[in-house]
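Hello,

Here is the structure I promised to pass on. Please open it alongside this note, and my findings follow below.

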Amino acid sequence: MATPRLLRRFLSSQAFQWLLSAVGAGYVLLVRWTSHIDRPPPPSGGPFIIALWHGRLSMMHQLRFGNRALVALISSHRDGQLISKCASHYNIRSVIGSATRGGMVAVRQLIRLAGEGHNLFITPDGPRGPRMHVNKGIIELARLSRLPILPSAIATSGGKELDTWDRFLVPCPFSRIAIRWGTPLLVARDGNAADDAARLETALTLLQRAADRAVARPGSERI
C-alpha cells in the first residue's frame, strides 16, 4: 500500500497530471457535444477580466470568445497545475501566480497579455476561498490594468457538486448548460476596494442564481 508521501509524489508527477488532464478534457468535450447550450453573445468591446466563481471552473472553456487565447490566472498549487494543463487543451493560456501581494510578476504578465488583446480570467474566490466571496486580487488587477471586469456564470442541469470548499460542480453529459454574462464593471483608480468587491460579489451571485434557474438546477436560491 502506497504511503501518503508516495501518493503525493505520484499525484504531483508531470506525466500523471498530463494524463489526467487529457482524460478531463475529453470528458468535458463529451459533456459539450451531448448537451444543449444556451450561450448568449458576450458584450462587445474588451478586453475584459472575466470573473467566474471557482466552483464552476469545469466549464470555463465556454467563456472564451474572440480569436485570441483566454489567459487565466492559476495558482501554483498542485490543483492549479492540473487545471492549467486541462485548460491548455482549449486554447486557454495560464499565468501562474497571484493577483495579491507578492504577485506583481504575474500581474505584469497579465497586463502585457491584455495589451495584446487577450481576455483575462480570474476566479475571485480562488484559490482557497471563502466560497463566493470576492478577494481583493481581482479588484487590484482591474485598478492597475484599467480593464473592466465582466461577471459571468455557468450552470448545468445535471451534475454532481463535490464536498469541497467551493462545492465544485462536475457536469453530466446530456445536460442543459446556461452561460450568463453580466454588465462590465469599471474600477476607478481612486475607488474604494471594499465597495468594488461588494459590487462584484453581488453581481456574480445574482448572475449565478439566474443561470441556475435557467436550467432548473436545485438549490439556486440558497446560493
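The side chain of Asp125 reaches the backbone nitrogen of His54 at 2.9 Å, and a polar atom of that Asp125 side chain also lies 2.9 Å from the backbone nitrogen of Met132. Such a polar contact is a pair of N or O atoms within 3.5 Å; within protein, one must be able to donate a hydrogen and the other to accept it, and residues adjacent in sequence count only if both atoms are side-chain atoms.

Before going on, please note that this is a predicted model, in which local features need pLDDT of at least 70 and side-chain atom pairs count only at pLDDT 80 or more, while totals for chains, interfaces and linings use all residues. Residues are numbered from 1 along each chain as its sequence is written, and side-chain values use heavy atoms, with hydrogens and water left out.

Back to Asp125, which sits in the loop between β5 (120-122) and α5 (136-145). Helices (H or I, at least four residues) and strands (E, at least two) are DSSP runs, numbered from the N terminus. Asp125 is buried yet has no salt bridge, and the nearest side chain of opposite charge, Arg131, is 6.2 Å away. Here buried means under 20% relative accessible area, exposed over 50%, and partly exposed in between (1.4 Å probe, protein chains only). Lys and Arg count as positive and Asp and Glu as negative; His and the chain ends are not counted. A salt bridge is a side-chain nitrogen of Lys or Arg within 4 Å of a carboxyl oxygen of Asp or Glu.

Now the chain as a whole. Its secondary structure comes to 6 helices and 9 strands, and 45% of its 223 residues count as buried.

Ser145 counts as buried because its relative accessibility is 16%. The side chain of Ser145 reaches the backbone oxygen of Leu141 at 2.7 Å. Ser145 is also in contact (heavy atoms within 4.5 Å) with Ile49 and Ile111, leaving aside its neighbours within four places in sequence.

Which charged side chains pair up? The structure holds 8 salt bridges. In one of them, Asp38 pairs with Arg180, the closest N and O atoms being 2.7 Å apart. Asp38 lies in strand β1 (residues 36-38) and Arg180 in strand β9, so the pair ties together parts that are 142 residues apart in sequence. Asp38 is partly exposed at 30% relative accessibility, whereas Arg180 is buried at 19%. Another salt bridge joins Arg143 and Glu140 (2.6 Å, N to O); both lie in helix α5, 3 residues apart, about one turn of the helix. Finally, Arg56, Glu161, Arg167, Asp212 and Arg217 are linked in a network of salt bridges.

Best wishes
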